[in-house]
Amino acid sequence: DRLFYLPQAEISAYGEQALTYGSLTPKGIKTMVATIRHCVKGDISAFDLGCGDGELIWHLQEQLGGRWEGVEISEHRVNLQTRDVCIWQGDFLTEDLRPYNLLHADNLCLEDSVAEALEEKIAREFSGLYISYRTPEAIPFLKRATLLETVLTETTWTTHPIQYWTL
């Protein structure tokens, strides 16, 4: 898959761990759509932190409506975008999270220090539904957030428990 082969300059700049990529299967997307419908009432304004080429947000926007945007550290992946989605190259730690009421982060492969920095940023800036692939550990996050549910979801690498938090 072309999303997995990255220019050496990006690997050197960000490291392989930061560029690890995975996705949901069609069954996994269906599970996520149902869970979001259960958890979010009203209009959705969503932000995908590490969106790859935007495929997941395209599917979620098609099925749930609302406004979906994404940021991806890999310019190569952003340039592979073939769907009509609003994504850009950038660092999610520098993005403003306040305009959104839903965040999605396939954050399993983040270094612990990056994951903790993201959780602290979410605790400071965000209110709404946060979808996480790993169990948050940052104390500021845990003080503000409530776990709504954990849902086994089919991904391209395994069936994985995805957590839905509210802040």
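Trainee: Which residue in β4 is the bridge partner of Ala 46?

Mentor: Leu 102 is the one, in this predicted model. Step back to the strands and you find β1 and β4 pairing in the parallel sense, over 3 bridges.

Trainee: And what is the bridge partner of Leu 102 in β5?

Mentor: That's Leu 129. β4 and β5 run parallel, joined by 4 bridges. To get from β4 to β5 the chain passes through α5, and this β-α-β crossover is right-handed.

Trainee: Which way do the side chains of β4 point?

Mentor: The general idea comes before the case. In a regular strand, side chains alternate between the two faces of the sheet. Here, Leu 102 and His 104 point one way from β4, while Leu 103 and Ala 105 point the other way. All four are buried.

Trainee: Back to α5, then. How many residues does this helix have, and how far does it reach?

Mentor: Helix α5 covers residues 112-125, so count 14 residues by the helix assignment. From first C-alpha to last it reaches 20 Å, close to the 20 Å expected at 1.5 Å a residue.

Trainee: Which residues of α5 are buried, and what do they pack against?

Mentor: The buried ones are Ala 115, Leu 118, Glu 119, Lys 121, Ile 122, Ala 123 and Glu 125. Notice that Glu 119, Lys 121 and Glu 125 are on that list. The buried residues of α5 pack against β1, β4, β5 and α6.

Trainee: How many aromatic pairs are there?

Mentor: The structure holds 4. Take Tyr 130 and Phe 141: their ring centres are 5.6 Å apart with 70° between the planes, an edge-to-face pair. Tyr 130 lies in strand β5 and Phe 141 in helix α6, so this pair ties together parts 11 residues apart in sequence.

Trainee: Is Phe 141 buried or exposed?

Mentor: Buried, with a relative accessible area of 0%. Phe 141 also pairs with Trp 165: the centres are 5.3 Å apart and the planes sit at 70°, so that pair is edge-to-face too. Since Trp 165 is in strand β7, the pair ties together parts that are 24 residues apart in sequence. Tyr 130 is buried at 0% relative accessible area, and Trp 165 is buried at 8%.

Trainee: Which residues form an aromatic cluster?

Mentor: Phe 47, Trp 88 and Tyr 100 form one.

Trainee: What sits over the ring of Trp 58?

Mentor: The charged end of Arg 83, 4.1 Å from the ring centre.

Key. Residues are numbered from 1 along each chain as its sequence is written. This is a predicted model: local features need pLDDT of at least 70, side-chain atom pairs count only at pLDDT 80 or more; totals for chains, interfaces and linings use all residues. Side-chain values use heavy atoms; hydrogens and water are left out. Rings of Phe, Tyr and Trp (its six-membered ring) pair if their centres lie within 6.5 Å; planes under 30 degrees apart count as stacked, over 60 as edge-to-face and the rest as tilted. Helices (H or I, at least four residues) and strands (E, at least two) are DSSP runs, numbered from the N terminus. Buried means under 20% relative accessible area, exposed over 50%, partly exposed in between (1.4 Å probe, protein chains only). A charge sits over a ring if NZ of Lys or CZ of Arg is within 6 Å of the ring centre and within 35 degrees of the ring normal. The expected span of a helix is 1.5 Å times one less than its number of residues. Contact means heavy atoms within 4.5 Å. Two strands pair if DSSP finds at least two bridges between them. A crossover is right-handed if, with the strands pointing away from the viewer, the path from the first strand over the helix to the second runs clockwise.
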